Amino acid sequence: MKTHYSCAELAALRLPDFPMSSQGWEKLVARESWPFIEEKSRGRGGIKRLYAPPPAVRKKIRDQEALFDRVDNPKGMDLVMTLVSKTL
């Protein structure tokens, strides 16, 4: 299991009660001072930050990833995302 996530990855998970955009996540992790590591990448200055979520958020990520793991096709993913958004 991953321990660090980019803001884009966190937004893609669409966690309930959390931002749905990369920019929203950037504000949240800055406000809450999440620990991070920097990794070389292409674009945006050649460095991206990967954040270590606190335990409560890690649990929500595991739960959400478990939903994604059950889906084998794009149509199934649309169904999961519809169900998840209805619970918001």
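This is a short tour of the structure, one selection at a time. Keep in mind as you click around that the model is predicted.

**The whole chain**

Start with everything shown as a cartoon. The protein's secondary structure comes to four helices and two strands. Follow the chain along its sequence and you'll pass through the pattern α-α-β-β-α-α. Of the 88 residues, 31% count as buried. If you look at contacts with a separation of 6 or more, residues 24 or more positions apart account for 43% of them.

**Stop 1: the hairpin**

Select residues 36–40, which make up strand 1, and residues 47–51, which make up strand 2. Which way do the two strands run relative to each other, parallel or antiparallel? They run antiparallel, and five bridges join them.

You can check the pairing from either end. Pick Phe36, and its bridge partner in strand 2 is Tyr51. Pick Lys40, and the partner in strand 2 is Ile47.

Next, select what lies between the strands. Strand 1 and strand 2 form a hairpin with six residues between them. Click on Gly43 in that turn: its phi is positive, at about 80 degrees.

While you're here, show the side chains of Glu38 and Arg49. They form a salt bridge, with the closest N and O atoms 3.3 Å apart. Glu38 lies in strand 1 and Arg49 in strand 2, so this pair ties together parts that are 11 residues apart in sequence. How open are these two residues? Glu38 is partly exposed at 48% relative accessibility, and Arg49 is partly exposed at 39%.

**Stop 2: the aromatic rings**

A search of the whole structure finds three aromatic pairs. One of them is Phe18 with Trp25, which is stacked: the centres are 5.4 Å apart and the planes sit at 10 degrees to each other. The pair counts as stacked because planes under 30 degrees apart fall in that class.

Are Phe18 and Trp25 buried or exposed? Phe18 has 18% relative accessibility, so it counts as buried, given that the cut-off is under 20%. Trp25 is buried too, with a relative accessible area of 0%.

**Stop 3: two loop residues with positive phi**

Click on Asp17. You'll find it in the loop between helix 1 (7–13) and helix 2 (22–31). Asp17 has a positive phi of about 70 degrees although it is not a glycine. Asp17 is exposed, with a relative accessible area of 70%.

Then move along to Ser33, in the loop between helix 2 and strand 1. Ser33 also has a positive phi, about 55 degrees, and is not a glycine either. At 57% relative accessibility, Ser33 counts as exposed.

**Stop 4**

A search of the whole structure finds five salt bridges. You have already seen Glu38 with Arg49; two others are worth a click here.

Lys60 is partly exposed, with a relative accessible area of 32%.

Stay on helix 3 and select Lys59 and Asp63. Their side chains meet in a salt bridge at 3.1 Å, N to O. Where do Lys59 and Asp63 lie? Both are in helix 3, four residues apart, which is about one turn of the helix. Lys59 is partly exposed at 43% relative accessibility, and Asp63 is partly exposed with a relative accessible area of 41%.

**One last view**

Methods
Residues numbered from 1 in each chain as written. Heavy atoms only, no water. Pairing = 2+ DSSP bridges. Phe/Tyr/Trp six-rings, centres within 6.5 Å; stacked < 30°, edge-to-face > 60°. Buried < 20%, exposed > 50% of the residue type's maximum accessible area, 1.4 Å probe, protein only. Salt bridge = Lys/Arg side-chain N within 4 Å of Asp/Glu carboxyl O. Contact = heavy atoms within 4.5 Å.
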